[in-house]
Structure formats: structure tokens, C-alpha cells
Amino acid sequence: MKKTLSILILMTMLAACGCNAKPDSSAASSVPTTEEAAPSGEELAQPTAEPDKAPATVDTAEPEKPAEPTAEAPAGTAETSADGFVLTGPGGDIVKPEEMTRVTASDEQDYIANGINSGNWEQVEVSGFTYLAEPGGQYRRVSLGEEICGLTLMDCGCVFSAEREVQPGKNSAQSWFSSAWADFDGTVELTGALEPVHETNDIAQEGEFLFTPDEAPQLPVMDYTFTGETGVTAPPEGTYPVIVVRGADVTDVVHGKVTLTGISMSAVVNGSSVVRASVAEFAEDQ
């Protein structure tokens, strides 16, 4: 499920918080080993290449049809590289080379010869799993088809971005996890207030609604905070990101019971986080 609004929101918030922007694909030299396999959901934070030395993008996903390679990619079966480098997710899991759908390499020849290591990449995209938490819990890897909080994960992806400048406290591989998104199948019933958005802003468009539940909803959590002491953690229990909904037939602030469907989430580490959904039913308090 692709959402133009989420793209605009994330790009705007990323610019505001100083996060990296998506690289210009026309500036990168592509080394196709298979057909391109970019994530199909929300656009996520991407690092910008230096104008005089654009990184090369090397796709690693399986193609629908065989493609004639111009360079041989690594086999992608080892969990660690020659220099012992391991890319880990906020769930403490190892991200294996065969799970990477796209690698933006800063040293193309080294990547092709040796696979990903501690100094030859700029960005890694993965699909097929993401990182979610139950309310009050810690993040774990959740794969397509798995159920969490009564919802089934139908589409997802995440991005890891290399940091070449030393930052105090950021000495863990977890610091490279940068953003993620997820789409779910299923419905959830919540009670709270709907507030119409009368003017498009950084969070929502005119005609949409901000939904404020009476209590922290029992929905999957995707709102990442990174510190050098704790790594990537979920927010405290009782808090929840902004929920933006569409499809309600109200013109003023109202309170009642809402059934949400088409639920999606996107988040940037130490940045923006938003939940989006459609209103399947709404019963205003009498």
C-alpha cells in the first residue's frame, strides 16, 4: 500500500530534523545483478551521496525473470564479512546478506568482491520483515504473514544507513537502523475523539482527521528512540504516535467508538512516527 501523504510527511520531517535525504538515483552508477527491487511502501530516509563520488547501487533481490548481469554480486550466504562485520536490527537479530534487497555501496568493487563490510556501504534496504513491539514491550523482528496485536503484517520494509562520522554514544551497529514502515490486514475498535483537519499541515491533509484514543491503543508500536545506553527502544507504555484517519463523516470534534481498517505505520529513528488508517465504522456518543 503506497501512501503519497506519508511520503510528504516523512520527507518534510526528515528535512526538519536534519536526517539524510533520499539519494538521486540518476547520480548513482547502477550495477544490476538482478531486476530492481525497491521497497513498495512508504518512502524512507535515504543518505545523499557526495556530488563528486556518488555511491553505486547493487540490487540483491531475486528477479522475476533472469537478467544478464554486468558484474557478479557476492553469494550472500555468510552471516559475517571478512572483517567480522555484522549488521544487526533493533531486535538484536543479524541481518543476513540474502535478506538485503538493495545495497548502496560506497566501494562498489570491494562490495562485489567481498560482500558488505564495515566500510564499503552507505545504505541497506530490506523487505519481508520489520521491527515492531507490543505496547509496553521491546522491539522484535516481525515477518510477513505474522500476527501482532490482532493484525496481520501484509507489507513492510526497513532501511539501515551507515554513519561515517563518529557520534558520542553511537558505538553500536544498532545505530545504523534508521527507518521502517508496515502495512496490516485486520481491524481494531477504539474509543476516542475525532478532530477534523481544516488546513493541510506537516502531519495531515485537509479533510483528514486526527484520532486521539482515550487510552493508549492496543496496536503494534513503531516509534523508535536510539540512545548509546539503551540502543533502539520503544516509547514508554501509555504513549502512542499520532494517528491520522480518513473516511469519517463528521464536521466537528466528536467523541465515540471507531473501527479502523487499512492500518499502516512509518517511523524514523529519533524522528517522525505516524499511524494511518481508514474509518470503517463510527458511532458517535449519544
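A salt bridge is a contact in which a side-chain nitrogen of Lys or Arg lies within 4 Å of a carboxyl oxygen of Asp or Glu. In this predicted model, five such salt bridges are present. Side chains of opposite charge can pair when their charged atoms come close.

One of these contacts joins the side chains of Glu-99 and Arg-141, with a distance of 2.7 Å from N to O. Because Glu-99 lies in the loop between strand 1 (56-59) and strand 2 (100-105), while Arg-141 belongs to strand 5 (residues 140-143), the pair ties together parts that are 42 residues apart in sequence. Glu-99 is partly exposed, at a relative accessible area of 22%, and Arg-141 is likewise partly exposed, at 22%.

A salt bridge is also formed by Glu-134 and Arg-140, whose closest N and O atoms are 3.1 Å apart; Glu-134 is partly exposed at 31% relative accessibility, and Arg-140 is partly exposed at 28%. In the pair of Glu-189 and Lys-257, the side chains meet at 3.9 Å, N to O. Since Glu-189 is in strand 9 (residues 188-196) and Lys-257 in strand 14 (residues 254-268), this pair ties together parts that are 68 residues apart in sequence. Glu-189 is exposed, with a relative accessible area of 51%, whereas Lys-257, at 41%, counts as partly exposed. Salt bridges with shared partners, moreover, join Asp-93, Glu-99 and Arg-141 into one network.

Elsewhere, a patch of negative charge is found on the surface, where Asp-214, Glu-215, Glu-284 and Asp-285 gather. Within this group, Glu-215 is located in the loop between strand 10 (209-213) and strand 11 (225-227), and Glu-215 counts as exposed because its relative accessibility is 65%, the cut-off for exposed residues being over 50%.

Definitions and conventions:
Residues are numbered from 1 along each chain as its sequence is written. This is a predicted model: local features need pLDDT of at least 70, side-chain atom pairs count only at pLDDT 80 or more; totals for chains, interfaces and linings use all residues. Side-chain values use heavy atoms; hydrogens and water are left out. Patches are made of residues with over 30% relative accessible area and no salt bridge: like charges are joined within 9 Å, nonpolar side chains (Val, Leu, Ile, Met, Phe, Trp, Tyr) within 5 Å. Accessible areas come from the Shrake-Rupley method with a 1.4 Å probe; for residues, only the protein chains shown count as cover. Lys and Arg count as positive and Asp and Glu as negative; His and the chain ends are not counted. The place of a charge is taken as NZ of Lys, CZ of Arg, CG of Asp or CD of Glu. Helices (H or I, at least four residues) and strands (E, at least two) are DSSP runs, numbered from the N terminus. Buried means under 20% relative accessible area, exposed over 50%, partly exposed in between (1.4 Å probe, protein chains only).
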